[in-house]
Amino acid sequence: MPHFFEKVSGETVQFSLENSKHIIGALRMNVGEKLNVCDDGTEYECELVDVQKDSAKAKVLRSYKNENEPSVNVTLFQC
């Protein structure tokens, strides 16, 4: 299942222009197909509900905490 990083607002996801073009053009996804969206450590299983020429929108089916995130925060500095 394809995976995207996008902001989730309520029960819908409006994909950015870049992600929309990838969903529509490269992946050739249509209404009714499922994908995963990650937003601030929470995973959302979503279903596409609207696919236009350069925009895509999905509804959230379920959400769950992402168990793949590390339990500690790491800050990297470059010298």
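Predicted model: local features only at pLDDT ≥ 70, side-chain atom pairs only at ≥ 80, totals over all residues.

I checked its cover next, and at 15% relative accessibility Glu45 counts as buried, the cut-off being under 20%.

The side chains of Glu45 and Arg62 meet in a salt bridge, 3.0 Å from N to O. Glu45 lies in S4 and Arg62 in strand S5, so this pair ties together parts that are 17 residues apart in sequence.

I wrote myself a reminder here: side chains of opposite charge can pair when their charged atoms come close. How many salt bridges does the structure hold? I get three.

Asp39 forms one with Lys7, with 3.6 Å between the closest N and O atoms. Asp39 sits in strand S3 and Lys7 in the loop between S1 and strand S2 (12-14), so the pair ties together parts that are 32 residues apart in sequence. Is Asp39 buried or exposed? Asp39 counts as buried, at 12% relative accessibility. Lys7 is exposed, with a relative accessible area of 56%.

Asp40 also forms a salt bridge with Lys7, and there the closest N and O atoms are 3.2 Å apart. Asp40 is in the loop between S3 and S4, and Lys7 in the loop between S1 and S2, so this pair ties together parts 33 residues apart in sequence. Asp40 counts as exposed, at 67% relative accessibility. I noted Lys7, Asp39 and Asp40 down as linked in a network of salt bridges.

**The chain as a whole**

Stepping back, I counted one helix and five strands. From the N terminus on, the order is β-β-α-β-β-β. The C-alpha atoms fill a box of roughly 45 × 30 × 20 Å along the principal axes. Of the 79 residues, 30% count as buried. I also looked at contacts between residues at least 6 apart in sequence, and 47% of them join residues at least 24 apart. The chain exposes about 5,700 Å², with carbon and sulfur atoms supplying 48% of that.

**Helix H1**

Which residues of H1 (residues 17-26) are buried? I found Asn19, Ser20 and Ile23. They cover an arc of only 105 degrees around the axis, which puts them on the same side of H1. On the other side, Glu18 and Ala26 are exposed. What covers the buried residues of H1 includes strands S1 (3-5), S3 (34-39), S4 (42-51) and S5. Arg28 follows H1, and its phi is positive, near 55 degrees.

**Out on the surface**

Val72, Val74 and Leu76 form a nonpolar surface patch, with about 360 Å² of accessible area together. Leu76 is in the segment after S5 (56-65) and is exposed at 78% relative accessible area. I then looked at Lys53, in the loop between S4 and S5, which is exposed with a relative accessible area of 78%. Lys53 and Leu76 are 23 residues apart in sequence, and their C-alpha atoms are 40 Å apart in space.

Methods: Residues numbered from 1 in each chain as written. Heavy atoms only, no water. Patch = residues over 30% accessible without salt bridge, like charges linked within 9 Å, V, L, I, M, F, W, Y side chains within 5 Å. Areas by Shrake-Rupley, 256 points an atom, 1.4 Å probe, with all protein chains shown as cover. Salt bridge = Lys/Arg side-chain N within 4 Å of Asp/Glu carboxyl O. Helix = DSSP H or I, 4+ residues; strand = E, 2+ residues; numbered from the N terminus. Buried < 20%, exposed > 50% of the residue type's maximum accessible area, 1.4 Å probe, protein only. Arc of directions from axis to C-beta. Contact = heavy atoms within 4.5 Å.
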